[in-house]
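I open this notebook to record what I looked up in one structure. The entries follow the order in which I consulted it.

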Amino acid sequence: MTSTYRDLITAIPPTLNLSNVASASPSQPCAICARLVPGRSRSKRLVIETEYELFDTFPDFPTLKASARAGCALCRLLRKTIRSLWAVAMRPMEQEGLGVLSTKDGVWDALFDMPWDRKVRIFHAHFYLSSRRLGQDKENPSEFIQKLIIRFGPANLPTDADGWPYRRQIYQEMEFKVFDSADTRDMGNPDDNIGTRYPPDSDALSKRNAALMRKWISTCRTHHTACELNPSTHWLPTRLLKISNSGRFDIRLVETRSLLSKHLEYPVQFMALSHMWGDASISPPLRTVKSNYDNMQQGIRIQELPQNFVDAVLVCRKLGVEYVWIDSLCIIQDSPEDWKREAVTMHLVYKYAQATIVAAAARSSRDGFLVRNTRMTPAVKMSYTSDPGEKANQSMILYPSSEESQVDFEYEDPQWNTRGWTFQERYLSTRLIYFCKNMLHFECRTLKCSEEGESAISTNSSNSLWPRAKLPADTWFKIWSDIIIKYTTRKLTYGDDKLIAVQSIVNEMKEHVPGPYIDFAGVWQTNIHKDLLWRPWAGIPTYPPKYRAPTWSWASVDGGITFSSPSSIPNRRYGDKLEVIRFKEETPAEIIVKAHTRRITSMVEMDYGDLFDMAEMGEYRYNILTDELASSDGNSEPEVFAHGILDRLNHDNILGKPGNLMYLHVCDSRQPSGLILKKHTPGLHGNEPSKDLWVRIGSARVFKDLGRQPIAGNGFEERDKREVIII
């Protein structure tokens with residue numbers, strides 16, 4: 001074997017790893033590891049318990065070390081895994097029923113100061129089966145062994161000051177993917193092995209993986225009713241990239257007007273690429289602009305393409321698909337008119353693509369997503385027998401599990417899934433093939449599966465993707481709220497894209513809900529009572545440096561927000577619902593409403609009396625007082641009538657001070673019920689107001705959280721209504 005000096009910067013792989021374990025001969029386990037037998041006849045509720053138990057000493061684990069030197073490959077893997085996971089894993093050491101051991105809350109401080117004998121128990125080795133398998137009858141699915149979970153932790157627990165021992169176990173878990181010989185078979189014909197168990201291939205576009213991807217797509221097209229599209233609709237984007245297998249140029253930009261007439265009998269099939277551009281200011285991807293438009297139609301050499309685009313072309317060639325859609329090449333990037341026109345139909349691109357190629361492993365357009373490094377993942381192939389009196393006649397492959405190897409992996413970890421634009425690309429796609437690190441995943445509205453043969457089949461549409469079923473308007477608005485909650489946690493390179501990046505979802509929504517969409521605010525007129533009642537979530541939001549949306553819109557802030565489903569109070573009227581008079585699009589945009597209002601005298605931070613008070617108040621941190629109730633009961637002191645949340649802490653330094661504040665009642669809902677408004681400061685948006693204008697600074701509720709009683713007994717009367725302009 002030849003070497004170069006590149007080896008000086010290349011990690012040394014384990015002798016046995018994912019790239020070679022399938023072809024290796026199974027090794028003989030030691031006497032203790034021989035107890036790790038996945039005897040399926042002993043399974044209960046898809047769990048197989050074993051008699052494995054071993055005691056060792058922290059931190060060198062000499063017992064495992066000696067067994068590994070004697071030839072037990074599994075002991076070597078267990079020792080390596082325990083030492084690498086100890087105290088730093090995603091599943092840290094925890095005490096059963098009490099939570100993760102931590103120095104932050106003081107619960108375990110006494111334990112941490114006690115002496116420990118360093119004895120470690122390795123135990124609770126359970127195999128877990130899955131009852132779902134791609135290609136099998138969903139009514140009678142077969143079972144296969146999916147994983148092995150083993151616990152490790154202190155063998156002995158101390159005694160506390162009163163003489164009582166710590167009775168709850170302290171342990172950490174390690175998980176291994178398992179490929180039992182009963183669940184795998186000869187890979188000579190990949191088309192016969194869809195749904196069988198097999199470790200990840202070292203080549204992302206191997207013959208087996210190409211067959212898998214074709215099978216995933218064809219199975220979805222022919223059998224998944226939840227994923228069906230109108231067969232008579234043959235929609236194409238304005239432009240596609242035609243892929244050539246020979247000649248001077250590898251791809252060229254084509255206008256699809258000519259394709260529609262040429263392919264009436266056999267509609268054009270295309271794939272779409274979803275990827276991250278990366279820092280476009282430093283290294284922008286190849287783009288179509290006005291000046292190079294003619295050249296792009298003549299052809300593009302593959303050497304000119306960033307690696308993500310090259311990999312997408314290779315995927316299409318492997319699957320026999322002649323066309324691909326890539327955003328930066330199929331939209332004229334320096335033409336606002338073209339960009340606006342294409343953005344309106346973006347949802348149709350991902351809807352009608354055969355599948356969306358997701359470059360989940362790439363953080364920029366130049367990273368690529370096909371290169372794998374399975375050589376660095378340690379693995380073992382161990383022989384075993386279910387009958388202690390017989391010679392070992394079966395084997396299993398094991399390797400340490402990772403987040404991305406889970407079949408129910410929600411693709412939340414890759415940075416791709418943190419970006420704003422990729423949200424609608426995933427949500428609206430008919431099918432997606434995720435190219436993760438060392439793993440392929442497939443997702444549609446019926447199925448999630450991986451190249452390892454695992455699958456999760458559901459008779460219902462996936463909650464992760466846009467539903468195709470007929471649903472009532474209330475359900476669609478619930479879906480809309482869930483979408484915005486998830487979307488606002490994502491990042492956008494350009495904040496001005498906040499509303500544009502959900503426009504494709506809006507276009508899909510318009511087919512299902514009544515009433516207009518207010519595009520400059522991101523709200524639906526027929527859902528306005530819920531759309532107004534957003535509040536900060538997952539941190540303190542920030543405000544963009546320049547005007548983007550009115551203050552009553554969720555799009556006016558950067559950061560996670562949430563909505564509460566308006567929970568009406570039965571048999572009680574506190575006030576009428578807010579009435580929208582009109583919306584006015586200008587800068588700043590306005591909503592003019594008629595609603596019950598109440599002057600806010602002051603807002604003060606709550607003083608929680610006990611834990612029950614904290615549970616009762618939840619995230620509502622401020623008491624809201626008014627003196628408008630005094631005239632009705634003779635009390636001259638301001639009275640608490642609502643609890644509030646500010647959109648940012650001590651908004652404009654208003655706490656404890658009288659000011660031009662007002663509560664505006666949206667509806668009789670417990671969580672929340674209205675908005676906290678502040679009189680507009682002249683010049684806030686670069687204009688001098690000639691009328692009373694108000695800005696939103698928070699939300700509030702007039703009902704108690706754990707009960708149905710109002711915080712103050714006095715409801716609103718008709719005379720409390722007024723017209724209010726909010727900007």
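Entry 1. The model is predicted. I began with Arg696, which is buried, with a relative accessible area of 2%. I then looked up its salt-bridge partner and found that the side chain of Arg696 meets that of Asp647, at 2.8 Å from N to O. Arg696 belongs to strand β30 (residues 694-701) and Asp647 to the loop between β27 (639-646) and β28 (661-665), so the pair ties together parts that are 49 residues apart in sequence. Asp647 counts as buried because its relative accessibility is 1%, the cut-off being under 20%.

Entry 2. I next turned to Arg621 and Glu605, which form a salt bridge with their closest N and O atoms 2.7 Å apart. This pair links distant parts of the chain, 16 residues apart: Arg621 is in the loop between α15 (611-617) and β26 (622-626), and Glu605 is in strand β25 (residues 602-605). Are these two residues buried, exposed or partly exposed? Arg621 counts as partly exposed at 34% relative accessibility, and Glu605 counts as partly exposed at 46%.

Entry 3. I looked up Glu443 and found a salt bridge with Arg426, the closest N and O atoms being 3.2 Å apart. Glu443 lies in strand β16 (residues 439-443) and Arg426 in helix α11 (residues 420-428); the pair links distant parts of the chain, 17 residues apart. Glu443 is buried, at a relative accessible area of 0%, and Arg426 also counts as buried, at 6%. For the whole model I noted a count of 29 salt bridges.

Entry 4. I then examined strand β14 (residues 394-400), where five of the seven residues are buried. Which strands are joined to β14? Strand β7 (residues 170-180) is joined to β14 by five bridges and runs antiparallel to it. Strand β13 (residues 380-384) is likewise joined to β14 by five bridges, again antiparallel. At Met396 of β14 I found Asp180 as a bridge partner, and Met382 also stands opposite Met396.

Entry 5. Lastly I looked up helix α7 (residues 307-319). Its 13 residues reach 18 Å from the first C-alpha to the last, close to the 18 Å expected at 1.5 Å a residue. The buried residues of α7 include Phe309, Val313, Cys316 and Leu319. Just after α7, I noted that Gly320 takes a positive phi of about 75°.

Technical notes. Residues numbered from 1 in each chain as written. Predicted model: local features only at pLDDT ≥ 70, side-chain atom pairs only at ≥ 80, totals over all residues. Heavy atoms only, no water. Helix = DSSP H or I, 4+ residues; strand = E, 2+ residues; numbered from the N terminus. Expected span 1.5 Å × (residues − 1). Buried < 20%, exposed > 50% of the residue type's maximum accessible area, 1.4 Å probe, protein only. Pairing = 2+ DSSP bridges. Salt bridge = Lys/Arg side-chain N within 4 Å of Asp/Glu carboxyl O.
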